[in-house]
4 protein chains.
Amino acid sequence: MEKIMIKNYEEPELNSPIFIGGLPGIGNVGKITADYFIDNLKMKKIADIYSEFLPPQVFIYNNVIHLVRESLYYKKTGKKHDLIFLTGDFQGTTQEGQYELSYSTLELLKKYEVSTIYTLGGYSVGKIVDNPRVLGAVTDKKLIKPLASKGVVFPEGEPAGGIVGSAGLILGMGTEMFSIPGACFMGETSGYFADPKSARAIITVLSKVLKTRINLKDIDEKTKQLEEITEKMRQEAKNKSSKDDLGYFG
Amino acid sequence: MEKIMIKNYEEPELNSPIFIGGLPGIGNVGKITADYFIDNLKMKKIADIYSEFLPPQVFIYNNVIHLVRESLYYKKTGKKHDLIFLTGDFQGTTQEGQYELSYSTLELLKKYEVSTIYTLGGYSVGKIVDNPRVLGAVTDKKLIKPLASKGVVFPEGEPAGGIVGSAGLILGMGTEMFSIPGACFMGETSGYFADPKSARAIITVLSKVLKTRINLKDIDEKTKQLEEITEKMRQEAKNKSSKDDLGYFG
Amino acid sequence: MEKIMIKNYEEPELNSPIFIGGLPGIGNVGKITADYFIDNLKMKKIADIYSEFLPPQVFIYNNVIHLVRESLYYKKTGKKHDLIFLTGDFQGTTQEGQYELSYSTLELLKKYEVSTIYTLGGYSVGKIVDNPRVLGAVTDKKLIKPLASKGVVFPEGEPAGGIVGSAGLILGMGTEMFSIPGACFMGETSGYFADPKSARAIITVLSKVLKTRINLKDIDEKTKQLEEITEKMRQEAKNKSSKDDLGYFG
Amino acid sequence: MEKIMIKNYEEPELNSPIFIGGLPGIGNVGKITADYFIDNLKMKKIADIYSEFLPPQVFIYNNVIHLVRESLYYKKTGKKHDLIFLTGDFQGTTQEGQYELSYSTLELLKKYEVSTIYTLGGYSVGKIVDNPRVLGAVTDKKLIKPLASKGVVFPEGEPAGGIVGSAGLILGMGTEMFSIPGACFMGETSGYFADPKSARAIITVLSKVLKTRINLKDIDEKTKQLEEITEKMRQEAKNKSSKDDLGYFG
């Protein structure tokens, strides 16, 4: 078999599209954000990507088997830039798989002449954050100023370890091998659980960058639920902390 | 070498065959079931499949070396659907191997124009089950009703984690890449040992689905032996439990 | 690079050669035996085999770097069967590597029209053996009787777990894919250290099978050294055992 | 994608160049040395090497994303031998990757007709060394004498385990497959941290071998900093040792 198998659904005519990648990862922030845009803007599917670089696994939804995959969706905006989103069940599970899947996606998108790439991810800070910032990193210095003006933060020396996985590779290979500039949006997150609050921070910034109107109602609800849970945990931790001097949820 | 090497024995003319896959896995339920049908219906070999995706190992039976393999067998039923069974010494041992072996098998069977795929496996419930159910999952919703009428159970939200390995992949790729509908039969099993009782439950259901007559004498014997062993364990556990309050075999 | 790179030294005309494989493994028995024949019969090199399936490592002998490899040697016997020996620094370190290296070696030898394959290995019995037997397993039943007459033992149900690695694969693929019959010679060994005594047992049997005269002086010396060491260990263990009731070297 | 992707910057005409490889490894000695020469001699870039054999990672320098890579630089010396240096963010992370990257680099350099290869690495001795020696190993015995005259030490039986990784492979494959002689320079190092002192020892020797003038000011500074730190550690260890009898920094 081909190591990566593309199943095409539609080949739309797109206007200088922006490509946004949001795969599962730290706090699942990238995937939550991408899925939210895909649902909210009622995007249409371009292709499913099956691969032996993904786990040898199927999910079962309502007794029906779903072979794990990554998927590309598009949205015609009627403006200067149409949109292409990448979401998926998994990132590649091996080093080789990470490179091959990222490269294949960029190659598959070549015909659409992508103008800019944004990738989405979580930035683990190891504690619950009340107001998560959205950190940025770019492959073209010119992108820093316009993104900063929309609320992306560019701190010195962060993240120290770089970026591991598709959010970094798609940008790195995007610039080096496909000459497409881009940026990574990293939402601060504890990293302990799927984090809609961090995703909400990215959604807010990204909708400004993409000039799209996104209804925040659903993500607000999920965020509220999470906040109630973490508030409870915080209280319990506080009670415990007053005895044991633990600052875990500080 | 080719990563997968096929040794063909016969290329029979088959009538719209049903393909049933039963490889080693949880409780060895799939393999026990497949081997039982192959022996009981005196099937003939189509091909042996050797591969570097299998362990680098040979077995020794009566001082004679047997290179590990998967094998395909067929049975002419004289009815609407002939049968093809897959059994084997191992599943692919890597993620890549799982995909490649499942895909290759489907490709090898293309010429037979398989009408439906059934895969067999165990569903680990973590305790000994008196009357194991046979759970189902399908790739085509239309299969649920007829299979349910033969005794396959379709519970909501089970199995929660999906299916890992060939039983899922053969179906997932079967539908997505070969457009063949199918279903997975999962026999409930403790998962602690090779489980003929769980296999017996599948054999009973599958023989109805396939409209074949299977002599249950041998599997009944093995099941009885297992029951005697587990009954003993249960008694011992009970004796122990009355002292230690352990509910392990509950 | 090619995953396996052959460096040819000579392409001798050989008379219906017997191919003997002795790579590192349990007790290093196979390699010790093969190297002993190669040295003792002053064999000439056919080829070196370099591969990314071997460790990414060089050895240093007298300040000179030696890239790890496997090597093929030959001996013209002047009799019915010439000899080809395989030795090496390592076996393939991955499952894929085991298959690929074994297959490549068989393919490389195709032009010599090998008549029979013998592979050599250790059979770990977990304790020190005074008179190690040489166990056999064959790919053609006809080989059992003549080999038994030279001292190879064919016990029922041993070794239970089959054979892992090149000693098994070369035979399994030799028969299934190259139609060359063969046998494995397994010297009983504790498996705790390189075991010249077990190798000596194979050398004795193999020299009968191959109808070669092998000077046993050097291996006798090494065996004696080992026996002195193990005798010391045995005494110490005995002294300890009389206090602690340990039967480790029993 | 190609498993190794070369991005060429310049294809200089070079005079019988010497190729020096210094990738990350024990004590980071090889990379520190190579980077020091590249900076100090203001070398120009020949090529970047991207590969799925490197980690799926990007670094971030001043908010700009840097896809991990290995890089080749050259220096026209105006003398008999020009220079080519290899540095990089990582060595290949798998066995296969080690072989493939080393081989590809040698193949890429074929057109330059490299005369000699030197590779650089650390030799871990497990304790802090006051005056690290530079140990040598060669692929051509003729190189021992001239290198020894420049201060390279060729002790008997060291290093016992050979060399693992690119420093060994580039030389081993350089001689076996490309017929280029060479030597490895191994600076003694504790192996506990990046060790500029060990690198300094190699820089001194290598600049003699290459007949280049290297300003040692920067490396002297780093070495001094390290020495102050290790002196402090030594004192603390001594204080502790006088109580606990630990000889760790002996």
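Buried area is the accessible area, found with a 1.4 Å probe, that two parts lose on being put together, summed over both. The size of an interface is often given in this way, as the accessible area lost when the parts come together. Between chain D and chain C the buried area is about 2,200 Å², and carbon and sulfur atoms give 59% of this area. D:Gln95, D:Tyr99 and D:Glu176 supply 30% of the area that chain D buries against chain C, more than any other three residues.

The structure is a predicted model, in which local features need pLDDT of at least 70 and side-chain atom pairs count only at pLDDT 80 or more, while totals for chains, interfaces and linings use all residues. Residues are numbered from 1 along each chain as its sequence is written, chains are lettered from A and ligands numbered from 1 in the order in which they are written, and side-chain values use heavy atoms, with hydrogens and water left out.

**Arrangement of the chains**

Copies are compared by least-squares superposition on the C-alpha atoms of residues with pLDDT of at least 70 in both. Chain A is superposed on chain D by a rotation of 90° with 0.1 Å of shift along its axis, and the RMSD is 0.1 Å. The two copies are thus related as by a four-fold rotation axis.

Contact here means heavy atoms within 4.5 Å. Chain A and chain C have no contact, and their closest C-alpha atoms lie 16 Å apart. Chain B and chain D do not touch either, with 16 Å between their nearest C-alpha atoms.

**The interface of chain D and chain C**

In this interface, 29 residues of chain D are in contact with 23 residues of chain C. A salt bridge is a side-chain nitrogen of Lys or Arg within 4 Å of a carboxyl oxygen of Asp or Glu. Three salt bridges are counted between chain D and chain C. In one salt bridge, the side chain of D:Glu96 meets that of C:Lys3 at 2.8 Å, N to O.

A polar contact is a pair of N or O atoms within 3.5 Å; within protein, one must be able to donate a hydrogen and the other to accept it, and residues adjacent in sequence count only if both atoms are side-chain atoms. Across the interface of chain D and chain C there are 18 residue pairs in polar contact, both residues at pLDDT 80 or more.

Helices (H or I, at least four residues) and strands (E, at least two) are DSSP runs, numbered from the N terminus. On chain D, helix H2 (95–108), strand E9 (134–138), strand E10 (163–164) and helix H4 (166–178) each supply at least two residues of the side that touches chain C. H4(D) gives the most to this side, with seven residues. By class, the side of chain D that touches chain C has 15 nonpolar, nine polar and five charged residues. In this scheme, Ala, Val, Leu, Ile, Met, Phe, Trp, Tyr, Cys and Pro count as nonpolar, Asp, Glu, Lys and Arg as charged, and the others, Gly among them, as polar.

Two strands pair if DSSP finds at least two bridges between them. E10(D) and strand E4 (residues 57–61) of chain C run antiparallel and are joined by two bridges. There, D:Val164 in E10(D) stands opposite C:Gln57.

**The interface of chain A and chain D**

Here the contact takes 29 residues from chain A and 23 residues from chain D. The table lists further values for this interface.

| Item | Value |
|---|---|
| Buried area, chain A and chain D | about 2,200 Å² |
| Share of that area from carbon and sulfur atoms | 58% |
| Salt bridges, chain A and chain D | three |
| Salt bridge of D:Lys3 and A:Glu96 | 2.9 Å, N to O |
| Residue pairs in polar contact, chain A and chain D | 18 (both at pLDDT 80 or more) |

H4(A) gives the most to the side of chain A that touches chain D, with seven residues. E10(A) pairs with strand E4 (residues 57–61) of chain D in the antiparallel sense over two bridges, and A:Val164 stands opposite D:Gln57 in E4(D).

**Within single chains**

E4(D) is also joined to strand E5 (residues 64–67) of chain D, by four bridges, and the two run antiparallel. D:Phe59 stands opposite D:His66 in E5(D). The hairpin of E4(D) and E5(D) has two residues between the strands, and D:Asn62 takes a positive phi near 50° there.

Over all chains, the whole structure holds 44 salt bridges. A:Glu11 forms a salt bridge with A:Lys111, with the closest N and O atoms 3.6 Å apart. A:Glu11 lies in the loop between strand E1 (4–8) and strand E2 (18–21) of chain A, and A:Lys111 in the loop between H2 and strand E8 (116–124) of chain A, so the pair ties together parts that are 100 residues apart in sequence.
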